[in-house]
Amino acid sequence: MRKLILVWVFILTLVLVSCEKSPTMSELLIYQNEDFSMTLRVTDGEVFDAILTHKENTLTLMLTGKDETEGITFTEREGTSAVSFESTALALPDTALSKASTWLSLFHLSADGLWKIRKDTLGGIEVFICTESDSGVALYLDAVTRMPLKITLEGGATVDVLSVSR
């Protein structure tokens, strides 16, 4: 009987030690508070190339790659949005709906909500796949760097992160 108890204690200890604690959404979204620059490919009906920068709580999305949209910049700071081209800037009202506002919102996600987090391997890279059913957002994060690789919005945009620099 004593040997049986020792075997069960050993198995239980082995199981508890081998379980990996899953990070919280707050821990996974910490990159949103840091300064960074990302090269993006956004698919939302059309395909757009862009550079996203986050510096001093300001998100700036500059479109690149297409002649008719190249250089158009969308900026968001403390809930205020603006669009600019070269030296002309126009403030957007809070009620203005634009694709760029939706794209920018994917880079300031809230840790609140019912996020489902699972760890997986995609193409040999360990990733955290975070899905939030209410918003329809799916966030793919590199498990090592905790930086986003891809963000999708159900029925809407897909943002592929091509490169990141901090």
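Predicted model: local features only at pLDDT ≥ 70, side-chain atom pairs only at ≥ 80, totals over all residues.
Residues are numbered from 1 along each chain as its sequence is written, and side-chain values use heavy atoms, without hydrogens and water. Local features need pLDDT of at least 70 and side-chain atom pairs pLDDT 80 or more, whereas totals for chains, interfaces and linings use all residues.

The protein chain holds three helices and eleven strands, taken as DSSP runs numbered from the N terminus (helices H or I, at least four residues; strands E, at least two). From the N terminus, the order of elements is α-α-β-β-β-β-β-β-α-β-β-β-β-β. Of its 166 residues, 33% are buried (under 20% relative accessible area, 1.4 Å probe, protein chains only).

Strands S3 and S4 pair in the antiparallel sense over five bridges, pairing being assigned where DSSP finds at least two bridges between two strands. Here Leu59 has Glu76 of S4 as its bridge partner. S4 also pairs with S5 (residues 80–85), in the antiparallel sense and over six bridges, with Ser84 of S5 as the bridge partner of Thr73. Two residues lie between the strands in the S4–S5 hairpin, where Glu78 takes a positive phi near 50°.

The largest pocket contains about 220 Å³ of space. A pocket is an open set of points on a 1 Å grid over the protein atoms alone, where a 1.4 Å probe fits, with protein on both sides within 12 Å along at least five of seven lines; lining residues have an atom within 4 Å of a point. The volume is the space filled by probe spheres set on the points, which are joined across faces, edges and corners. Sixteen residues line this pocket, with Gln32, Asn33, His54, Phe107 and His108 nearest its centre. Strands S3 (58–64) and S4 (72–77) are the elements that give two or more residues to the lining.

Key: Buried < 20%, exposed > 50% of the residue type's maximum accessible area, 1.4 Å probe, protein only.
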